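Good morning, colleagues. Please take a moment with the sequence and the structure on the screen, and I will then go through a few points about packing.

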Amino acid sequence: MKQKLRMKVQKRSAPGGASAAIQRRLLAEDWWAAAFQVGLYRSTANEPGTKALLADLLARDARVAVPGRHGKGYHWVGVDARTCWRKGAHGILEPARAMPADPAELRVVVVPGVAFDARGGRLGHGGGHFDRLLAQGDALRVGLCFENRLMAEVPMDAHDIRMDVVITEKRVIYTAAAEAKLERLLGGAASGC
């Protein structure tokens, strides 16, 4: 069922300018400025981009980690402005030299997906790689999604991890779980929920 849904949704092309609009929407959130320990995916051509997010984080001297291939799986590796990049599996940019990062220290994780729903459900690319990365910590999970890939309901299995926030080019959707994590991130009352 999930594989058929993946194939169907992936045929929906991204509207022009949607990727940039999604990044602008995230950059405008007040809590993003408080994000100084961030896990961030490097995008493929079929996903919302993250280049502007990475540039913003590095300009603020934030601690940034990206998924790095390790055997058949992935782990978090640290990057900075001096990082040299190479194409890894599936053409995804990875650091040429891995500096392990502690997933428990990440406060926000920006997550890719094929589709999302308004309750934070996420349909990944299959294989469970990102779910395993997300299970290593309790960061605010932010899914980036093209509006035309936002579903009424994404099928979820027991091991699938929900997002706290879903951002499209048109809106920001907060789930019930977001409030406590935003309070922790901001050090007080959460705003924007």
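This is a predicted model: local features need pLDDT of at least 70, side-chain atom pairs count only at pLDDT 80 or more; totals for chains, interfaces and linings use all residues.

**Helix 1 and the cores**

Within helix 1, which spans residues 2–10, the buried residues include Lys2, Leu5, Arg6 and Val9. Viewed down the helix axis, the buried residues of helix 1 fall within an arc of 105 degrees, so they line one face of the helix. What does the buried side of helix 1 pack against? Its partners are strand 7 (115–117), strand 8 (122–123) and strand 10 (150–151). On the face turned away from that buried side, helix 1 carries the exposed residues Lys4 and Lys8.

Let me turn to the nonpolar cores. The largest has 46 residues, and the members that touch the most others are Trp31, Trp32, Val108 and Val110. There is also a second, separate core of seven residues, with Val9, Val114, Leu123 and Met151 among them.

Returning to Trp31, its contacts beyond four places in sequence include Leu26, Val108, Leu140, Val142 and Val165. Tyr174, Leu182, Leu185 and Leu186 are also in contact with Trp31.

My last point concerns Thr50, in the loop between strand 1 (37–40) and helix 3 (51–59). Is Thr50 buried or exposed? Thr50 is buried, since its relative accessible area is 1%. A polar atom of the Thr50 side chain lies 2.8 Å from the backbone oxygen of Tyr41. Leaving aside neighbours within four places in sequence, Thr50 contacts Gln23, Leu40, Tyr41, Arg42, Ser43 and Leu144.

Note on methods
Residues are numbered from 1 along each chain as its sequence is written. Side-chain values use heavy atoms; hydrogens and water are left out. A nonpolar core is a set of buried Ala, Val, Leu, Ile, Met, Phe, Trp, Tyr and Cys residues joined through side-chain atoms within 4.5 Å. Buried means under 20% relative accessible area, exposed over 50%, partly exposed in between (1.4 Å probe, protein chains only). Contact means heavy atoms within 4.5 Å. Helices (H or I, at least four residues) and strands (E, at least two) are DSSP runs, numbered from the N terminus. A polar contact is a pair of N or O atoms within 3.5 Å; within protein, one must be able to donate a hydrogen and the other to accept it, and residues adjacent in sequence count only if both atoms are side-chain atoms. The arc is that of the directions from the helix axis to the C-beta atoms.
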